[in-house]
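Subject: Structure handover

Hello,

I am passing on the structure we spoke about. Please look it over first; my notes on what was found follow below.

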Amino acid sequence: MSASPLPIDDVLPALLAALSAHPAAVLIAPTGAGKTTRVPPALLAAGVGDGKRIVMLEPRRIAARAAARRMAEEGGWALGREVGYQVRFERKAGPDTKILVVTEGILVTLLQADPFLEDVGVVVFDELHERNLQTDLSLAMARRVQREVRPDLKLLAMSATLDPGPVAAFLGDCPTIESRGRLHPVDVLYLERPDDRPLPGQIAAGVRRVLAATPGDVLAFLPGVGEIQRSAEALSGLAAEQDLAVLPLYGDLPAERQDEVLRPLSRRKVVLATNVAETSITIDGVTAVVDSGLVRRLRFDPATGLDRLELGRVSRASADQRAGRAGRQAPGVCLRLWPAWEHAALPERETPEIARVDLTGPALQLLSWGERDLAAFGWFEAPDPAALESAARLLAQLGATDSHGVTALGRTLARLPVHPRIGRLLAEGHRLGHGREAALLAALLAERDPFPRAPRREGPLRSSRSDLLDRLDALKSFERRDFADETRLNPGAARFVLRARDQLAEIARRELGGSGAGADREDALLRALLAAYPDRLARRREPRSSR
Ligand code: ADP
Ligand code: MG
């Protein structure tokens with residue numbers, strides 16, 4: 001299949017030349033230029049990396065899958081053979097896979113299994129501007145491998161918007177290749193005054209307004225799936241009236257429905273997307289953007305001791321990226337659902353994940369990889385020393401480390417694709433013969449809470465010695481009744497938690513070996529919970545007091 005020309009084609013020769021002369025390079029090109037889908041096949045064709053595997057780290061699952069599918073389609077390859085992907089809980093790749101797209105902790109896991117990356121010729125870090133924790137971490141790990149044992153390993157950092165200086169310096173003052181591309185002008189509109197209607201109504205009104213202002217398709221940015229669904233409902237009247245195709249786009253959308261969003265249609269499209277459409281996925285034909293100004297991002301949640309998605313305002317840099325999506329192919333318009341005078345108060349840019357999330361998982365990964373001194377590790381951007389210290393303290397409390405370094409338990413926890421606390425909970429539940437229920441408890445803690453905030457402590461829900469076990473029972477009865485509507489919990493989130501339970505239970509069976517004899521259920525689960533939260537254990541000093 002012959003591929004149509006893309007802006008990136010013009011700079012590919014310079015990129016290939018840079019990588020044959022240097023061990024690393026930085027590539028800056030606007031969203032939609034062709035970085036993700038064209039660069040790995042070009043590296044492969046040119047023999048960069050001596051015919052060894054090319055691994056590309058992509059921060060988002062949906063983009064990893066879409067990129068692998070697109071490369072297979074353009075190269076006339078079979079997905080899962082020459083080109084494949086591996087994301088958490090899903091792998092479509094084999095021994096012949098020459099281009100492997102991975103997400104999240106997968107590259108770190110590959111580094112654990114094969115510390116020198118013997119089979120890998122090139123590692124590509126895509127979307128570096130997102131400053132995803134796993135990207136930061138694996139960039140630093142790969143750089144260390146390159147410096148110390150694999151001078152032949154090629155590293156390539158790619159981004160749409162990054163200032164290339166710091167990363168080029170980090171990669172040994174490597175060359176930077178830029179493709180400026182041409183962005184058409186985008187007319188940015190603001191609200192006259194804040195709109196206090198619910199978001200779906202604002203989106204519908206905004207879409208109506210921009211439809212009249214441009215001829216192309218509309219892309220609306222929303223913070224999550226719930227808002228997308230409610231906005232789609234709010235748009236149903238307008239869609240019928242103007243014959244529009246209203247299409248959702250978010251991380252967990254099935255592949256066929258993703259393809260539908262990317263294919264040209266005869267009707268005008270209104271795509272309702274999370275920030276996957278900000279720089280990771282390009283939709284052709286968009287000339288109008290409606291920006292809610294909201295985003296969900298990971299942040300450390302002291303209530304669970306884990307990271308959780310939190311709703312917040314976007315940064316100005318993000319809002320500019322979102323607006324840019326309207327001007328890729330023609331002049332466009334972007335409506336921001338906030339007043340102009342509020343804009344200056346938004347933060348200039350996003351805080352990198354490494355500065356705002358929990359570091360226990362990365363710390364364990366580094367220690368079990370053989371790193372002795374976390375503070376002295378060659379970070380791309382060093383985290384707060386206090387955050388590293390508290391990560392190290394928690395690892396010791398969990399039994400993952402002792403005075404000699406990482407323990408056998410710690411190595412097991414490092415293999416599990418979950419936070420070490422959650423891994424400890426799974427391991428303890430498994431040991432006590434209640435692995436599957438411990439997996440449900442783990443999923444409940446780690447995933448979005450399906451229960452409304454602040455459950456009444458003494459309400460009708462209460463049936464055991466622990467509020468968490470009460471929730472467990474409610475979820476199980478929801479499952480037994482075949483997901484019949486349940487007013488106490490959010491059915492979508494509950495199904496998600498139950499699916500995560502199945503995946504975690506499967507991983508625990510695979511990684512943890514034979515399970516122990518069945519101890520008393522409630523006792524076993526409470527013990528597993530305590531094992532996961534050793535830092536939260538307290539003893540009541542006097543009966544009925546809170547001391
Ligand atoms: P970048 O990574 O630089 O943002 P991509 O390589 O993702 O760019 O995409 C380059 C172009 O290829 C896009 O502008 C789009 O036109 C097209 N494209 C990429 N993936 C798909 C797909 N799955 N379906 C249709 N078009 C696609
Ligand atoms: Mg890309």
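The largest nonpolar core has 86 residues, and the members that touch the most others are Phe 125, Val 167, Leu 171 and Leu 425. Helix H18, residues 435–446, supplies the largest share of this core, with 8 residues. Please keep in mind that this is a predicted model.

Next, helix H18 itself. H18 has 12 residues and reaches 16 Å from its first C-alpha to its last, close to the 16 Å expected at 1.5 Å a residue. The helix is mostly covered, with 9 of its 12 residues buried. The buried residues of H18 are Glu 437, Ala 438, Ala 439, Leu 440, Leu 441, Ala 442, Ala 443, Leu 444 and Leu 445.

Which residues are closest to ligand 1? They are Gly 32, Lys 35, Thr 36, Thr 37 and Asp 284, out of 14 residues that surround ligand 1. A backbone N or O atom of Ala 33 lies 3.2 Å from an oxygen atom of ligand 1, and for a backbone N or O atom of Gly 34 the distance to a ligand oxygen is 2.9 Å. In the side chain of Thr 36, an N or O atom is 2.6 Å from an oxygen atom of ligand 1. Taken alone, ligand 1 exposes 560 Å², and the protein buries 87% of that.

One more residue to look at is Ile 54, in strand E2 (residues 53–57). Why does Ile 54 count as buried? Its relative accessibility is 0%, and buried means under 20%, so Ile 54 qualifies. Leaving aside neighbours within four places in sequence, Ile 54 is in contact with Pro 40, Leu 43, Leu 44, Lys 98, Ile 99, Leu 100, Val 122 and Val 124. The C-alpha atoms of Ile 54 and Asp 119 are separated by 9.0 Å, with the two residues 65 apart along the chain.

Regards

How values were computed
Residues are numbered from 1 along each chain as its sequence is written. Chains are lettered from A and ligands numbered from 1 in the order in which they are written. This is a predicted model: local features need pLDDT of at least 70, side-chain atom pairs count only at pLDDT 80 or more; totals for chains, interfaces and linings use all residues. Side-chain values use heavy atoms; hydrogens and water are left out. A nonpolar core is a set of buried Ala, Val, Leu, Ile, Met, Phe, Trp, Tyr and Cys residues joined through side-chain atoms within 4.5 Å. Buried means under 20% relative accessible area, exposed over 50%, partly exposed in between (1.4 Å probe, protein chains only). Helices (H or I, at least four residues) and strands (E, at least two) are DSSP runs, numbered from the N terminus. A residue is near a molecule or strand if one of its heavy atoms lies within 4 Å of it. A polar contact is a pair of N or O atoms within 3.5 Å; within protein, one must be able to donate a hydrogen and the other to accept it, and residues adjacent in sequence count only if both atoms are side-chain atoms. Accessible areas come from the Shrake-Rupley method with a 1.4 Å probe; for residues, only the protein chains shown count as cover. The expected span of a helix is 1.5 Å times one less than its number of residues. Contact means heavy atoms within 4.5 Å.
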